[in-house]
Amino acid sequence: MAPSTHTVTNQAPPLVGHDVFTSDRALAEAVERHLAPELLAEAREELELLGRANGSAQVREWGERANTHPPRLRTHDRYGHRIDEVEFDPAWHRLLGKSVGAGLTDAWGRPGGHVRRAAGFLVVSQVEAGHGCPLSMTHAAVPALRVEPELAEVWEPAATAHLYDPELRPVAEKPGVLLGMAMTEKQGGSDVRANTTEARPLAADGEYVLTGHKWFCSAPMSDAFLVLAQAPGGLTCFLVPRVLADGSRNAFALQRLKDKLGNRSNASAEVEFDGTTWARRVGEEGRGLRTIMGMVAATRLDCVLGSAALMRQAVAQAVHHCTYRSAFGGPLSEKPLMRNVLADLAIESEAATVLGMRLAAAYDAGDTDGGGDAGRERAFLRIAVPAAKYWVTKRCVPMVAEALECLGGNGYVEESGMPRLLRESPLNSVWEGSGNIQALDVVRALRTEPASLDALLREVGAARGADHRLDRAIRGLLVELADLEGVEARARRLAERVALVLQGALLVRWAPPEVADAFCASRLGGDGGAAFGTLPHTLDLRGLVERARIEV
């Protein structure tokens, strides 16, 4: 019997038992906007099924278990044989099985595939972000594999299959595989041209052995990895399988697992190649960076989507708590200042979602061999992806921290799930090139690929005349772009402006008027502060908060 002083009152109920997809209005609207009408019914059915599953108490529990029981490295078996395996909690395998089964490694060439996959990735990443890493890399590896048709013929069907098989076996014996990458070395970091891993050619064409190390190898339990190494002809891309065709293990030594700030459910390892590691060349010698950049660009989009998912989950939890929590005479969500905070968080979340889904739609349009619109969409992605990756991932940390504060002390407790979101929030800004790398990539696109600027201006120009603050911001961006002298020192400022103008243009075109008005006033018009909760009080704050709320 509980003590009489321990009656539980004024606590928000658990945010479970809902459809994560349909309750996210910005996401559901984006899917309807970007998919052809003949694809909508099937896509909505798939996404609603995934949304209900990921809104369930069971899948939420899997996410918690995968993080409270992190992976464990087993270098040797009981007899002393080297095995280099990573053990995961069963919850991890259940999460991956459900997400792979939902097609989240299958987008290339599938009608509307990138939009459908991006929406699903946003849904599952709200529940557990760590398992998104192998999903992302497997999906993104397809363009690199296609550089070598013989490799793609073997590996692509298994990589895009809707079947998860965690056992290490030859690819010919597996219904589905996961793919990872190993690029970074401790002496070079993002400067992969400084890599020292050596690739020595064997007698058979395209076959090599590797000697060296990798400082970060993501998802080391995957079936194969794309690796950069120095071949006689220069930096080259290789496919390194964990298990060879004869069933023997490749020489792929896991030295240790990284003890990370967040992303605890997902293993990241240091890897050593001892001079007997068999590898298959992907693309020509000396063109490794170009070969693997297709994979990097796709994973950068997933960084945007992953951050958007964290932001959406953070604002959903904050609004939910404040709807049910009363203080100072009424629900917190009805207090003018708290309403301002929640509305500001909701705007940031919606802007991130709308931008991420627009990029996914551009991948669908550009995933053809044609010119015209397909070429323009590819050019648009060239500048929009690094700009979005820079800005959305940067905004994730302060936004999640503010959402945590909305829960007060409850939000600082692990059981709320908010600390896990906060620890996860910096990851996507670091992964696949940190902020400076992205900002400099925006500059590189402007200098070397003028079609990317034309595509960007065409995109934002579609919204000109609809909001005077947006029009002024576009003019300011043009002034900024007119003089690229000394641009490296202001590359972050430029990337930020590109992303904000792009978000504003998309919201003006597609979001409800109150959302676009609030964004343009606070992010483009200067009528907002540095912290969240500083929106102009004349805006429809109640409507903004209501749009972000989940009914349970």
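In this predicted model, Ala-219 is buried, with a relative accessible area of 0%. Ala-219 sits in the loop that joins strand E5 (207-218) to strand E6 (224-231). The phi angle of Ala-219 is near 50 degrees, which is a positive value in a residue other than glycine.

A second residue with a positive phi is Glu-432, where the angle is near 60 degrees, again in a residue other than glycine. Glu-432 belongs to the loop between helix H12 (427-430) and helix H13 (435-448). The relative accessibility of Glu-432 is 10%, and the residue therefore counts as buried, since the limit for that class is under 20%.

Another loop residue, Ser-333, lies between strand E11 (330-331) and H9. Ser-333 has a relative accessible area of 10%, so this residue is buried. With neighbours within four places in sequence left aside, the contacts of Ser-333 are Cys-322, Thr-323, Arg-339 and Leu-342.

Ala-491, by contrast, is placed in a helix, H16 (residues 491-510). Ala-491 is buried as well, at a relative accessible area of 3%. Between Ala-491 and Gln-438 there are 53 residues of separation in sequence, while their C-alpha atoms are 9.0 Å apart in space. Beyond the neighbours within four places in sequence, Ala-491 is in contact with Ala-439, Leu-440 and Val-443.

The chain as a whole can be described next. The secondary structure of the protein chain consists of 18 helices and eleven strands. Along the principal axes, the C-alpha atoms fill a box of roughly 75 × 70 × 45 Å. A compact globule of 552 residues would have a radius of gyration near 24 Å, and the protein chain agrees with this because its own value is 24 Å. Of the 552 residues in the protein chain, 58% are buried. Among contacts in the protein chain with a separation of 6 or more, 72% are between residues 24 or more positions apart.

Five cavities of 30 Å³ or more are present in the structure. The volume of the largest cavity is about 130 Å³. The largest cavity is lined by 14 residues, of which Arg-312, Ala-346, Glu-350, Arg-547 and Ala-548 are the closest to its centre. At least two lining residues of the largest cavity come from each of helix H1 (25-34), H8, helix H9 (336-366) and helix H18 (541-548). The helix that gives the most to this lining is H9, with five residues. Divided by class, the lining of the largest cavity contains seven nonpolar, two polar and five charged residues.

The second largest pocket holds about 970 Å³ of space. The second largest pocket is lined by 36 residues, and the closest to its centre are Glu-64, Gln-317, Glu-415, Ser-416 and Gly-417. Two or more lining residues of the second largest pocket are given by helix H3 (57-68), helix H5 (113-127), helix H8 (288-324) and helix H11 (418-424). H3 gives the most to the lining of this pocket, with six residues. By class, the lining of the second largest pocket comprises 13 nonpolar, 13 polar and ten charged residues.

Technical notes
Residues are numbered from 1 along each chain as its sequence is written. This is a predicted model: local features need pLDDT of at least 70, side-chain atom pairs count only at pLDDT 80 or more; totals for chains, interfaces and linings use all residues. Side-chain values use heavy atoms; hydrogens and water are left out. On a 1 Å grid over the protein atoms alone, a cavity is a set of points where a 1.4 Å probe fits but cannot get out, and a pocket is an open set with protein on both sides within 12 Å along at least five of seven lines; lining residues have an atom within 4 Å of a point. Grid points are joined across faces, edges and corners, and a volume is the space filled by probe spheres set on the points. Helices (H or I, at least four residues) and strands (E, at least two) are DSSP runs, numbered from the N terminus. Ala, Val, Leu, Ile, Met, Phe, Trp, Tyr, Cys and Pro count as nonpolar, Asp, Glu, Lys and Arg as charged, and the others, Gly among them, as polar. The radius of gyration is taken over C-alpha atoms; the globule rule is 2.2 Å times the number of residues to the power 0.38. Buried means under 20% relative accessible area, exposed over 50%, partly exposed in between (1.4 Å probe, protein chains only). Contact means heavy atoms within 4.5 Å.
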